[in-house]
Amino acid sequence: MALLIVTDDCSDCDACIEPCPNDAIAVSNELYVIDRLRCTECVGHFDDPQCLEVCPSECIIADPDFVETATELRVKYESLHG
Ligand code: SF4
């Protein structure tokens with residue numbers, strides 16, 4: 001599944017944007033958002049989600065409304081980086 005930023009807990013520190021290998025994180029209307037169509041949970045690049053590794057507010061969670069299997073994440077990675 002894609003990941004989701006809990007904006008109420010986000011401190012706007014900017015730490016998550018650069019580590020994302022899929023350019024999935026952006027600022028929109030002063031809120032940090034993860035593009036669920038680009039987030040692969042870092043499958044194909046890293047063993048663990050990089051945004052989770054760097055977030056000091058621990059405000060990034062799995063999006064319960066956008067569940068994907070490991071195979072689907074791999075297919076998404078290949079479609080982004082084919
Ligand atoms: Fe980007 Fe990986 Fe975080 Fe998804 S899990 S938003 S791909 S850094």
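How many disulfides does the count come to in this structure? In this predicted model, the count comes to zero disulfides, although a disulfide is, in general, a covalent bond between the sulfur atoms of two cysteines.

**View 1. The residues around the ligand.** The shell around the ligand holds 13 residues, and those that come nearest are Cys20, Asn22, Cys39, Cys42 and Cys51. By residue type, this shell divides into nine nonpolar residues, three polar ones and one charged one. Cys39 counts as buried because its relative accessible area of 7% falls under 20%. Cys42 is likewise buried, with a relative accessible area of 8%.

**View 2. The largest nonpolar core.** The largest nonpolar core contains 15 residues, of which Ile5, Ile25, Ile34 and Ile60 touch the most other members. Leaving aside residues up to four places away in sequence, Ile60 touches Leu3, Leu4, Ile5, Cys16, Ile34, Cys51, Leu52 and Cys55.

View 3. A polar atom of the Asp63 side chain lies 2.9 Å from the backbone nitrogen of Asp65. Although Asp63 and Ala2 are 61 residues apart along the chain, their C-alpha atoms are separated by 5.8 Å. Glu68 is also placed in this loop, which runs between strand S4 (60-62) and helix H2 (70-81). With a relative accessible area of 15%, Glu68 is buried, and its side chain makes a polar contact of 2.9 Å with the side chain of Lys76.

View 4. Most residues other than glycine have a negative phi. The relative accessible area of Asp12 is 45%, so the residue counts as partly exposed. Glu58, again not a glycine, has a positive phi of about 50°, and its place is in the loop between helix H1 (50-54) and S4. Is Glu58 buried or exposed? Its relative accessibility is 70%, and Glu58 therefore counts as exposed, the cut-off for that class being over 50%.

Conventions: Residues numbered from 1 in each chain as written. Predicted model: local features only at pLDDT ≥ 70, side-chain atom pairs only at ≥ 80, totals over all residues. Heavy atoms only, no water. Near = heavy atom within 4 Å. Nonpolar A, V, L, I, M, F, W, Y, C, P; charged D, E, K, R; others polar. Core = buried A, V, L, I, M, F, W, Y, C linked by side-chain atoms within 4.5 Å. Buried < 20%, exposed > 50% of the residue type's maximum accessible area, 1.4 Å probe, protein only. Contact = heavy atoms within 4.5 Å. Disulfide = S-S within 2.5 Å. Helix = DSSP H or I, 4+ residues; strand = E, 2+ residues; numbered from the N terminus. Polar contact = N/O pair within 3.5 Å; in protein donor to acceptor, adjacent residues only side chain to side chain.
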